[in-house]
Structures are given as structure tokens and as C-alpha cells.
Amino acid sequence: MNPPQTEPFCPLRWNGECLLLLDQRRLPAAETWLEIDTAGGVATAIRDMAVRGAPAIGIAAAWGVVLAAQRGGGTAARDALVTLAAARPTAVNLHWALERMERVLAASPQDLLLALEAEARLIQGEDLEQNRTMARLGADRIPSGSRVLTHCNTGALATGGIGTALGVIRQAHADGRLASVHATETRPWMQGARLTIWELSREGIPASLVTEGATAHLMKRDGIDWLIVGADRIAANGDTANKIGTYALAVLARAHGAKVMVVAPVSTIDMRIESGEEIPIEMRSGEEILRAAGLSEAPPGIAVENPAFDVTPAAFIDLLVTDRGVVERPSREAMQRLFS
Ligand code: MRU
């Protein structure tokens, strides 16, 4: 089904009975909306990446708890917390959203369903507002004539609308500050080639797609001023987990004099984790790599490793843009100030 288009665009919609998710596995070839009516269905959609991106999976999980309560009351909602938490390990927004839903359950409100629905709506609405704030804060740091490179998909599709890193790029473009925008393919799942380019072209923002392998050449030949990325989990010392390949791009940026901006709401910051060493990195099926390489099956005996995320040490990050403000050169002390 095709729900009516409302602005700003959001890949998750609640219709009072079901969660509607724009199936990101099928983009850009088809714009298909899934109608999900169980918490288990939401957990599967997160695991199989029908919905993806750290803030978006947190929002989807919150609605998953509402669906469970709708069908089986408080007990089912409590069970759903466990099922949903296990869907994907790296993005902390998933756990952050579930903890918020758990607090509502623990308060035993008179109308539990209404209270859970209100909390899920709040989580989704806050995310959109936070993205608006970060888009402005980040764009203000980008000088006119900047050439930017982004990785993965951090746009409306990955959030409750507007996006994090892509929100900054969108705002900087609207301000007329950008000389060029490059997006990586983002192997093996192709979030950049399939989703970021789809979003940018819908918005009429000129951009070119590059392979990850071409980025060093691009930085040396044409110059890049800013690498702008999102995050899945940021540790208390500023180390940042994001889509696999981000660390390599940050090292390249440093080698070529480009600055690195990470854009993420505070729900992505995990102050309980001291450093990036403790961030769990999701390992996904090797099939994704084989598919990206155009192979239907692996040559016999070949091992395939597919970590979905990597950790960029804080030392490689120039600016962390959050909805609470901008942290320059994130460190343990600077991160603590953000929460004080
Ligand atoms: O595996 P994905 O597509 O869920 O990974 C998403 C990313 O790594 C994004 O960069 C991150 O979640 C920030 S999205 C606003």
C-alpha cells in the first residue's frame, strides 16, 4: 500500500493498528510499504534491514512494544523488550528506545496502551526535531564552497525524518554552501548507492556516487573538505562506531587534510561504555558480500568476513554535532560536559 505523502518524509508511520515501514531492501527499484502488526514482525524487519539506521531502528522497536501491548498487554510488551533488543547489536538507539518503553511499563499507568503509544510517538517526534537542530548546527560549521563526502545512508530513511549527517548536507546545500557532494556506494549492502543517492535525487541535490576504493584518489585529485557521517554508538571517550569503512575514510581524510564531522543525537551516545573497544560489532552473513560481488555462491572453501560496523577513534574526529550542541575534538572530558 502507498500511504499519502506528508512532509518531511519519514520511512515509519503508525496507523493506530500497524506500523508501516518503507521496505529499504527494495529501494530504489520499488517503493513498497510493509504493514507490520506484531513485535516479532518488527524484530525481523530490523534484523533483515527492511528498516535500518540507528535512530530508525530505535523508533521501530518502540512501536514494536506498542504492537505487543495491543495484542497481549503488559506481559507481551515485557517479552517484546527482550526479542526486540536482540534484533541488532551495534546501534545503541535500539536499547535506548526500549529502556524508555520499559520505564513506561514499570510505571504501570492506568491506560498502559495509551501511555506506550504516547511514548513511541514522542520518541519518533523528538528524533525529527533533534535532526532539525543538528542540521542547522552542522551546516553552520561548513564554509562556503565546501566539497563533502558522506558514507552509508544517514538521511530521512535512517531516522524519524530529515536525517543526521545527510540532514547537515541537505541544510548546507539549501544554504548554498556546497561545491560538491560525493556519496560512497557503501559495500556490501549499498546503502549509499541505493538509498543516499535516491534521497539526494528526490531532493534535487546534485551528487556523485563513488566506490570506497576511489575515495583516496578523489581526495588527492579533487580535494574533499569534509567527511560527514552518522554514528551507531559513541563511547564515553568519543570513539565512534559507524558503518564499516568509516574508519578507513577518517584515516584518509586526516591524510588529505579533510575534516571529519560525526552527526548523531545524544541517544546514540553510550556513556556506559568507556571506549570503542567495548562496542559490539555486528557480523552479518557473507552472502551480502557475495551478492555485492555479483557471485551467486562462494567458490568452494572460501571464507567471507562481513563486519557491518567499525570504530573510528575519537582522535580522528574533528567535530561531533549533537542535538545538545557541538563538541570539538571529542574527548572523555568534552563528552562529560555535554551531559552535565
Ligand atoms: O547497517 P545500517 O544500514 O543500519 O547502518 C547504518 C549506519 O551505519 C548509519 O551511518 C548510522 O546508523 C547513522 S544513521 C542516522
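**Around the ligand and into the cavities**

The shell around the ligand is made up of seven nonpolar, seven polar and four charged residues, with Gly counted among the polar ones. This is a predicted model, in which local features need pLDDT of at least 70, side-chain atom pairs count only at pLDDT 80 or more, and totals for chains, interfaces and linings use all residues. Residues are numbered from 1 along each chain as its sequence is written, and side-chain values use heavy atoms, without hydrogens and water.

Let's start with the ligand. It is surrounded by 18 residues, and the closest include Arg52, Arg88 and Asp232; to count, a residue needs a heavy atom within 4 Å of the ligand. A polar side-chain atom of Asp232 is 2.7 Å from a ligand oxygen, and for Arg88 a side-chain N or O atom lies 2.8 Å from an oxygen of the ligand. The protein buries 99% of the 410 Å² that the ligand exposes when taken alone (Shrake-Rupley areas, 1.4 Å probe).

Where does the ligand sit? Its space is the largest cavity, meaning that more than half of its atoms lie within 2 Å of the cavity's grid points. A cavity here is a set of points, on a 1 Å grid over the protein atoms alone, where a 1.4 Å probe fits but cannot get out; lining residues have an atom within 4 Å of a point.

The largest cavity holds about 160 Å³ of space. Among its 21 lining residues, Gly53, Ala54 and Asn153 are in the group closest to the centre. The second largest cavity, at about 70 Å³, has Trp96, Asp127 and Ser267 among its lining residues.

Technical notes. A polar contact is a pair of N or O atoms within 3.5 Å; within protein, one must be able to donate a hydrogen and the other to accept it, and residues adjacent in sequence count only if both atoms are side-chain atoms. On a 1 Å grid over the protein atoms alone, a cavity is a set of points where a 1.4 Å probe fits but cannot get out, and a pocket is an open set with protein on both sides within 12 Å along at least five of seven lines; lining residues have an atom within 4 Å of a point. Grid points are joined across faces, edges and corners, and a volume is the space filled by probe spheres set on the points.
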